[in-house]
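Have the model open as you read, and follow the side chains along.

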Amino acid sequence: MNQTPSCSSTLCQTAWACYDQVDRAADGRGAPILSVPSVIADPLHMPRHQSSPRWPVTRAVHACALCLTLSGTSWAQAVATAPRPSSTAAPDGTAILASIQALTAPGMDGRATGTPGNAKARAWIVDRLRTIGAIPMAVVPVDAYPNGRGTFEVPFTFASKSGVPMQGVNVVATCGGRRSGLSPIVVSAHYDHLGIRDGQTYHGADDNASGVALLLNVAEQCVRTPFEHRLVLAFFDAEEQGLQGARAFLESGWARRGVALNLNFDMVSRSDKKEIYVAGPGRWPALEPLLKPLAARAEIAVKFGHDTGGGQDDWTQQSDHGPFHAAGIPFVYLGVEDHADYHKPTDTADKIDPRFLGGVAAFVLDVIATLDRATSFK
Ligand SMILES: [Zn+2]
């Protein structure tokens with residue numbers, strides 16, 4: 001069965017693609033796109049970002065009838081009326097920190113997938129996207145939004161480690177795309193964390209409210225001054241469950257439709273050495289001449305690495321960029337080295353230095369502006 005969604009609304013008739021959100025079975029290809037190991041481990045003592053490794057997935061991605069809301073051509077025409085300024089305002093680390101504080105406030109309860117706290121965090125992100133003016137990526141179902149507003153929320157299901165079906169919800173928006181014919185850059189950050197365990201709240205300020213806050217800052221900049229590439233702004237759910245949101249996103253059609261690059265933020269706000277790592281060029285050498293020169297002009301220390309060797313220090317598969325890499329899509333990952341509060345209830349917003357955060361945000365904008373001037377990353 002090949003389920004091509006019907007796109008009957010006026011909004012979707014202008015779509016550059018009718019986004020065939022089908023599962024693998026419906027896709028008729030049978031074999032998994034991504035192979036996943038089946039090791040299960042203590043979620044609180046996993047290396048780096050994940051609360052557990054990738055367990056076998058029997059995914060039934062739903063939320064069908066997704067249609068991209070804007071034509072690449074018409075969108076490019078719409079935003080190409082004004083030239084993009086060569087410079088943007090310096091990011092405000094204190095304002096970005098305020099987003100982290102909001103995502104770790106009482107009631108967010110550690111944002112574990114499937115919990116009320118996770119839903120509250122998601123609603124907060126959606127509200128911010130609406131305020132910023134980012135465009136929803138999907139319309140689900142097509143006829144449910146007569147005003148054409150669409151939805152930012154894209155549900156998916158996955159199997160828990162005990163085999164129980166669980167639901168996650170990605171939040172996906174878009175902006176930019178001044179130049180037609182370029183595949184989009186997916187900029188991502190996971191918004192879920194570990195929730196409440198044994199009565200203790202795992203706030204996840206650095207992991208990964210910080211990445212979400214940075215991604216919202218990118219959204220603001222992109223809406224204000226659109227990039228040549230379309231940016232797909234992906235706030236993934238269930239990363240701590242084994243990169244499930246990123247896997248669902250790719251399996252829903254993006255892996256074969258074409259993504260130029262994934263830029264992923266996960267743990268970007270804490271470093272005693274005031275340094276951030278850039279991973280990706282070790283696996284995708286074409287990125288190195290683009291990104292290496294940026295380190296010298298960054299306000300913070302920028303290091304390259306953690307992307308070769310395959311061992312514990314190789315972060316290639318340790319956050320949501322992993323499934324992109326496995327699908328043959330170049331990635332750039334930004335993150336700090338593990339700290340004493342990693343995956344502990346003490347990962348709180350008061351430990352974040354807004355000056356470092358502002359420096360990272362400025363570096364991120366330099367990275368995106370640089371990548372945006374390139375047309376190929378392989
Ligand atoms: Zn994380």
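Leu214, Asn217, Val218 and Gln221 in α6 meet Val360, Ala361, Val364, Leu365 and Ile368 in α10, where contact means that C-beta atoms, placed from the backbone, lie within 7 Å. By class, this contact of α6 with α10 has seven nonpolar, two polar and no charged residues. Here Ala, Val, Leu, Ile, Met, Phe, Trp, Tyr, Cys and Pro count as nonpolar, Asp, Glu, Lys and Arg as charged, and the others, Gly among them, as polar.

A word on the model: it is predicted, so local features need pLDDT of at least 70 and side-chain atom pairs count only at pLDDT 80 or more, while totals for chains, interfaces and linings use all residues. Residues are numbered from 1 along each chain as its sequence is written.

Helices are DSSP runs (H or I, at least four residues), numbered from the N terminus. The table gives the packing, with axes fitted to C-alpha atoms over the stretch in contact and angles from 0 to 180 degrees between N-to-C directions.

| Pair | Angle | Axes apart |
|---|---|---|
| α4 (residues 93–103) and α6 (residues 205–224) | about 130 degrees | 8 Å |
| α6 and α10 (residues 354–373) | about 50 degrees | 10 Å |

α6 is therefore oblique to α10, and α4 and α6 are likewise oblique to each other. (Under 35 degrees counts as roughly parallel, over 145 as roughly antiparallel, 65 to 115 as roughly perpendicular and the rest as oblique.)

On the α4 side, the contact is made by Ile96, Ser99, Ile100 and Leu103, which meet α6 residues including Ala205, Ala209, Leu214 and Asn217. The residues of this contact divide into nine nonpolar, three polar and no charged.

Terms used. Helix = DSSP H or I, 4+ residues; strand = E, 2+ residues; numbered from the N terminus. Contact = placed C-beta atoms within 7 Å.
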